[in-house]
Amino acid sequence: MYYVLLIVGAALVNNFVLSRFLGICPFMGVSKRIDTAIGMSMAVIFVMTLASFVTWLINYYLLTPLGIQYLQTIAFILVIASLVQLVEMIIQRVSPPLYQALGIFLPLITTNCAVLGVALLNIQLKYNLLEACIFAIGAALGFGLALVVFAGMREDFELNNIPKAFRGTPIALITAGILSLAFMGFSGLVK
Amino acid sequence: MKTFKGGIHPPGQKSLVKDNAIVEMPLGSLFFVLTQQHLGAPAKPLVKKGDKVLRGQVLTEPLGFVSVPVHAPTSGTVKEVAKKVHPVTGLLAPCVVIEADGNDQWAEGLPLERDPFAMSAKDLLSVIQGCGLVGMGGATFPTHVKLSPPKDKPIDTFIVNGAECEPYLAADYRLMLEQPDRIIKGTQIIMRILGLDHAVIAIEANKPDAIKVMENLVPPEITVESLKVKYPQGAEKQLINACSGREVPSGGLPMDVGALVQNAGTCAAVWDACSRGIPLIERITSVTGGGIKEPKNIKVRIGTPLHEVIEFCGGLTDVAKVVFGGPMMGIAQYSPDVSVMKGTSGILILTHQETNIDTFSSCIGCGRCIDACPMSLNPSILSKFGEKGMWEKAVEYNLLDCFECGSCTYMCPANRPIVHFVKYLKTLQREANAKRKEA
Amino acid sequence: MINAVILVGGIGFVAALILGISAVTFAVKMDPREKAVLDQLPGANCGACGFAGCAAFAHELTQNENAEMACPAVNEEALQAISDVLCRELGGGTPMIAFVGCKGTPEKSITRFSYVGPHDCRAAQIVAGGAKACQYGCLGLGSCVDVCPFDAIHMGEDSLPHVDDLKCTGCGKCVDTCPREIIRLVPANANYCVSCISRDSAKDMKAYCQVGCIKCRICENTCPFDAIVVVDGNAAIINQEKCRKCGLCVSVCPTGVIEQLHVQAKAYIIEEKCRGCSICAQVCPVDAISGKPKEPYVIDQGKCVGCGLCIEKCPADAVERLSI
C-alpha cells in the first residue's frame with residue numbers, strides 16, 4: 001500500500017512536470033503529437049528508472065563510504081549521460097522514424113532536470129533502494145502521463161484558429177499552466 | 001409521444017401559408033423542363049427544336065435503371081433543347097424549353113382508366129418508372145428503384161412521410177387535408193408492390209386536423225402515427241427510428257432494417273400514375289416567406305419559371321434570399337430564370353430579417369451541435385476539419401453519415417456554416433476517390 | 001582528493017566501455033552526406049519534389065545514384081554545394097514561377113450573388129459554381145495565399161492574388177490548390193503571359209467580363225514568331241520557348257488581357273563596333289533600328305521594346321543592353 005501511495009504521490013500529487021516544473025523542455029518540445037509523446041515517455045521511463053537505480057548504488061556504496069558526496073552532481077550526470085547515449089543508440093537502431101521524430105530532444109534528456117531531480121530527490125528523501133526505484137517509476141509514469149495528456153490537447157487545439165501571436169509555443173505554455181492548475185486538484189490526495 | 005434522439009425546435013413559420021387552400025396556377029407561355037430532376041443516371045432528350053409535344057408526352061429516355069424520364073407539362077412546341085441554370089447545382093444543365101400552345105391537350109390515350117389492384121407488382125413498377133416518379137419530399141430518388149429492394153433485404157415496415165418537418169412548408173399538409181384519398185390509395189398500391197398487409201402514415205403533432213382527417217379515412221390495415229414535433233423528424237432514418245424503434249446502421253440504408261419510407265406527395269403521384277397513367281408533371285408547392293406579397297400553396301406544372309410563380313403570388317416585398325425547398329436543407333437561388341422541379345416542395349422568399357448572413361468565428365466548444373445532431377455525430381470537430389480541408393480525418397469521424405439536415409448550423413452560437421464545411425469535405429473526398437480510381 | 005579522481009575516472013571508464021560496446025552492437029549505418037545535402041535544402045517541406053519532406057528527399061538524393069534534382073526551391077549555390085557533396089552533377093532545370101491567369105476584378109467582371117460562407121475558394125466553388133459569373137475567373141478568397149509555404153503570393157486590393165517573383169520558388173502548391181486551375185507555372189524569365197483561361201465564346205464573355213480573352217486572334221495574326229495561338233476555343237496561350245518578348249501582341253490586344261511580367265532593358269548600338277550590316281534592322285520586330293549601309297545604325301529608344309533579337313543576331317557584338 002505504501003508503495004502504491006508512493007507511485008500516486010510521484011505521478012499525480014507532485015507531478016514532476018506540472019507540480020515541480022521540472023523537465024519542461026521535452027514537455028514542450030515533444031508533445032506536438034501523441035505518438036512521439038508516447039515514444040519519449042518510454043525513453044524517459046527507461047532512463048529515469050535505471051538512472052535512479054545506478055545513482056542510488058553509487059551514492060551509498062561509493063560516494064558515502066569514501067566521504068565524497070560533494071561529487072554527487074558530477075557522478076550522477078555522468079551516469080545519466082551514458083544511459084541516454086545508450087538509449088539513443090538503441091532507438092536509432094530499433095525505430096529510426098521515432099529517432100527522427102524525437103530529434104534533438106533525445107540527447108536533451110541528459111540535461112533534463114527531471115531525471116537529475118529524481119536521482120537527487122531519492123537521496124534527499126532518504127529512500128532505500130526499493131523505494132528509490134519505485135519513486136522513479138512513479139515519477140516517470142507521471143511525466144509520461146503529463147506528456148501524453150498534453151499532446152492530446154495540443155493535437156486538438158491545432159485545429160482551432162489561434163491568433164498569430166500565440167501560435168505554437170505561447171499557447172502551449174498557457175495551456176500547460178492551466179493543466180498545472182488542474183493537477184493541483186490532486187493535492188491532499190496523499191498525506 | 002414517439003420521437004428520435006437529438007434534433008432542434010426552429011420556429012414553424014407555417015402560419016403564413018398553412019390555412020391557404022391549394023390554388024391551381026394558370027398556365028404560362030414558356031416551360032423549362034430540366035432533363036435531370038432525379039438522383040441517378042442522366043436521361044437523354046428524345047425531342048428536338050421544332051417538335052410538337054402533348055401534355056404528358058415523354059421527353060427523355062432514361063439511361064440506366066436508376067433513371068427516370070421527364071414529361072411535357074403541357075402541349076406546345078419545343079422551342080429549344082439548351083442549357084439552363086439547374087436549381088440544385090446552380091450550374092447549367094440540359095433543358096427542354098417548351099412554348100405552350102394554350103390548348104393543354106393530353107397525349108393520346110391519357111388519362112386512361114384501369115384498376116391498379118389488378119396489376120402485378122412488376123407492371124406497377126414499370127408504370128412508376130415510365131411516369132417519371134421520384135421522391136417528392138425533395139431528395140428525388142427514383143421511386144421505382146426504392147420500391148425494388150434486393151431480395152436479401154426484405155421490407156416489413158412501410159411508412160408514409162407526412163411529417164413535413166421543415167419550417168415554412170405546408171404543401172404535404174394541404175394535400176393531406178384536401179386530397180387524402182389519393183394518398184391513401186397510393187399507399188395501398190405500394191403495399192401491394194411490397195407485398196405488405198400494413199402500413200403507417202406518420203404525421204407530426206402540429207397538424208392535428210390532418211391527423212384527424214387521415215384517422216377517419218384510413219382502412220384498418222393502415223395506422224396513423226402522431227409524432228413529436230421536432231426537426232428533422234421527416235428525415236428517413238429519424239422517421240424509421242421514431243415509428244419502429246429501429247436504427248439504420250452507419251453507412252447503411254433503410255432497407256438494412258427492413259423499412260421503407262415514401263413521401264405523402266409521392267404516394268399520391270403513384271396513385272395517379274398507376275390508376276390513370278398520369279406522369280409526374282405537376283406538384284403542390286408552398287410559395288411562402290416574408291418577402292412574397294401573397295403566400296400560396298400552388299398546384300404548379302413542372303417547368304414553370306420562378307418569375308411567373310412570383311408574379312402569380314403578388315410579387316416581392318423585400319428579398320434577401322430565394323430558396324427552393326425548406327429553409328434548413330433547401331438550395332439558395334441566384335438566377336430568376338430557374339424553374340419548378342419535381343422535388344420543389346417550397347419556394348421561400350426570405351427577407352433580410354429572416355436571413356442570417358453574419359460572419360462566423362471560431363468554434364467555442366459549447367457542444368450544442370453535438371446535442372442537436374440527429375445522427376449522433378460531432379459537427380464541431382467536422383467543422384474544424386472542414387476549415388483545414390482534412391477530409392480523411394473527417395471520414396474517420398463518420399462524415400459520410402451526415403445527411404446535412406442543418407440542425408448543427410442552426411444551433412451554433414458562433415454562426416459557423418457547419419453544413420457547408422461538411423459539403424466541402426465530401427467534395428474533397430469525392431475528388432480524391434476519383435483521382436485514385438483514375439490512377 | 002585522490003578518491004574523487006579515481007571514482008569519477010572509474011565511472012567514466014566503465015561508462016565508456018559500455019558505450020563503446022553498444023556503439024558497435026547497435027551500430028546504424030548513416031550516410032554523413034545525407035546531412036550535408038539536407039542542410040542545403042530549403043527545409044520548407046513543401047512536397048514539390050514528390051517526397052514527404054526535405055529529409056526524405058535528401059535521403060533519396062544520397063541513396064539513389066540516378067535521382068534527379070526535383071526541388072524547385074534550391075538556388076544555384078545550394079545546387080552546386082549538393083553536387084559537390086554527392087560528387088555528381090545535378091541539373092537544375094528551368095526555374096519556374098507561378099502566374100495568375102485572371103484579371104477579373106470586381107469592377108471589370110460580374111458577380112452573380114453575394115456569397116456567405118467559409119473564406120476559401122474551394123469551399124466557395126461548391127455554392128452554385130462560385131459567386132463570379134465567369135466559371136474560369138478568380139474567386140478572390142485567397143486559398144492560394146493560405147497554402148504558400150514561402151509567403152510569395154498575396155491578395156491585392158483588387159481581389160486578385162499577386163505573385164512576388166522574388167520569393168516564388170515554383171513549388172506549385174498554389175497551382176494545385178486553385179479549384180479553377182487559374183494559376184499556372186511559367187518559366188521565371190517569361191515576359192508576357194495571357195491572363196485568362198476562359199473557354200467561353202466572346203459573345204458569352206461580353207455579358208460578364210471586360211478583361212478576358214475574346215479569342216479575336218489579332219495577337220495570333222500579329223506575332224512575328226508564331227508564339228501566341230488561340231486553339232480550339234481556349235484563351236490565347238503564349239509558347240514561352242518561341243516568344244521573343246517583343247511585346248507586339250500586348251499593343252494590339254483589344255481587352256488588354258496579356259500581362260507584362262518584367263520591364264526589359266532596351267538595347268543600344270556601340271558606334272565604334274557597328275559595321276552597318278543592317279542585320280539588326282531586318283530582325284527588329286518593331287522597326288526601331290535605322291541607318292545607312294556601312295554607317296553605324298541607331299536604335300530609336302522610344303520604339304525599342306528590349307526583346308534582344310538585335311543583340312543576338314549582331315555579328316559584330318555591337319549591340320548591348322542599357323542597364324535599367
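The structure is a predicted model. Its largest nonpolar core has 61 residues, and a search over all chains finds 24 salt bridges.

**Nonpolar cores**
- Within the largest core, the residues with the most contacts are Phe16(A), Phe27(A), Met48(A), Ile109(A) and Phe135(A).
- Helix 7 (residues 129-157) of chain A gives the most to this core, contributing eleven residues.
- Another core, of 49 residues, lies apart from it and includes Cys131(B), Leu194(B), Leu196(B) and Ile222(B).
- Leaving aside residues up to four places away in sequence, Ile109(A) touches residues including Met40(A), Val44(A), Ile80(A) and Val115(A).

**Salt bridges in chain B**
- Lys299(B) pairs with Glu24(B), with the closest N and O atoms 4.0 Å apart.
- This pair joins strand 13 (residues 296-301) to strand 1 (residues 22-24) of chain B, across 275 residues.
- Both Lys299(B) and Glu24(B) belong to a salt-bridge network that also links Arg55(B), Asp104(B), Glu282(B) and Arg301(B).
- Arg182(B) and Asp272(B) form a salt bridge at 2.6 Å between the closest N and O atoms.
- Arg182(B) is partly exposed at 22% relative accessibility, whereas Asp272(B) is buried at 14%.

**Chain C**
- Domain 1 (32-92) and domain 2 (267-321) divide chain C, and their C-alpha centres lie 43 Å apart.
- Phe13(C), Val14(C), Leu17(C), Ile18(C) and Ile21(C) make a nonpolar surface patch of about 520 Å².
- Leu17(C) is found in helix 1 (residues 2-25) of chain C and is partly exposed, at 49% relative accessibility.
- Asp120(C) and Arg122(C) meet in a salt bridge of 3.8 Å, N to O.

Methods: Residues are numbered from 1 along each chain as its sequence is written. Chains are lettered from A and ligands numbered from 1 in the order in which they are written. This is a predicted model: local features need pLDDT of at least 70, side-chain atom pairs count only at pLDDT 80 or more; totals for chains, interfaces and linings use all residues. Side-chain values use heavy atoms; hydrogens and water are left out. Domain bounds come from an automatic or database domain assignment. Patches are made of residues with over 30% relative accessible area and no salt bridge: like charges are joined within 9 Å, nonpolar side chains (Val, Leu, Ile, Met, Phe, Trp, Tyr) within 5 Å. Accessible areas come from the Shrake-Rupley method with a 1.4 Å probe; for residues, only the protein chains shown count as cover. A salt bridge is a side-chain nitrogen of Lys or Arg within 4 Å of a carboxyl oxygen of Asp or Glu. Helices (H or I, at least four residues) and strands (E, at least two) are DSSP runs, numbered from the N terminus. Buried means under 20% relative accessible area, exposed over 50%, partly exposed in between (1.4 Å probe, protein chains only). A nonpolar core is a set of buried Ala, Val, Leu, Ile, Met, Phe, Trp, Tyr and Cys residues joined through side-chain atoms within 4.5 Å. Contact means heavy atoms within 4.5 Å.
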